[in-house]
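Open the model in your viewer and keep the selection panel at hand.

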Amino acid sequence: MEEILRKLYEIKAITLLSQKDALTADDVVYLTGLSKGYLYKLCQANKIPYYKSSGGKYIYFKKEEVNEWMLDSKVYSVKEIAEKAKSYRWKRIALWHIE
């Protein structure tokens with residue numbers, strides 16, 4: 001029974017999270033898997049975009065910005081690197097012929 005209730009709570013949280021544009025720290029922890037302490041360290045170092053409430057007591061995040069932040073540092077596949085190198089090489093050859 002406890003397991004069913006836990007799963008229902010997770011489904012509810014995911015459903016509510018998908019409807020929100022402004023997220024709390026707890027929402028971001030759930031979305032990213034980061035610990036709350038680490039999230040606060042990222043905020044303190046200005047390494048993740050966030051907003052303070054007018055009194056400065058609470059912090060909020062835009063879901064779109066959190067998603068962009070999570071996908072900020074793409075690691076390219078070997079195929080993508082080879083394609084970029086090929087494209088770069090052809091551009092250099094074309095410039096060399098122009099000069």
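Select Leu-17, Leu-23, Ala-25, Val-28, Leu-34, Leu-39, Leu-42, Cys-43, Ile-48, Ile-59, Phe-61 and Val-66: these 12 residues form the largest nonpolar core. Such a core is a set of buried Ala, Val, Leu, Ile, Met, Phe, Trp, Tyr and Cys residues joined through side-chain atoms within 4.5 Å. Buried means under 20% relative accessible area (1.4 Å probe, protein chains only).

Colour by element next. Helix 2 (25–32), helix 3 (36–44) and strand 3 (59–62) each give this core at least two residues. Helix 3 supplies the largest share, three residues. Helices (H or I, at least four residues) and strands (E, at least two) are DSSP runs, numbered from the N terminus.

A note on the model: it is predicted, with local features needing pLDDT of at least 70 and side-chain atom pairs pLDDT 80 or more, while totals for chains, interfaces and linings use all residues. Residues are numbered from 1 along each chain as its sequence is written, and side-chain values use heavy atoms, without hydrogens and water.

Centre on Leu-23. Leaving out residues up to four places away in sequence, Leu-23 touches Leu-17, Val-28, Leu-31, Ile-59, Tyr-60, Phe-61 and Lys-63. Contact means heavy atoms within 4.5 Å.

Now show where two helices meet. Ala-25, Asp-26, Val-28 and Val-29 of helix 2 face Lys-36, Leu-39 and Tyr-40 of helix 3 in contact.

Finally, zoom out. The protein has five helices and three strands, in the order α-β-α-α-β-β-α-α from the N terminus. Buried residues make up 15% of its 99 residues.

Definitions and conventions: Buried < 20%, exposed > 50% of the residue type's maximum accessible area, 1.4 Å probe, protein only.
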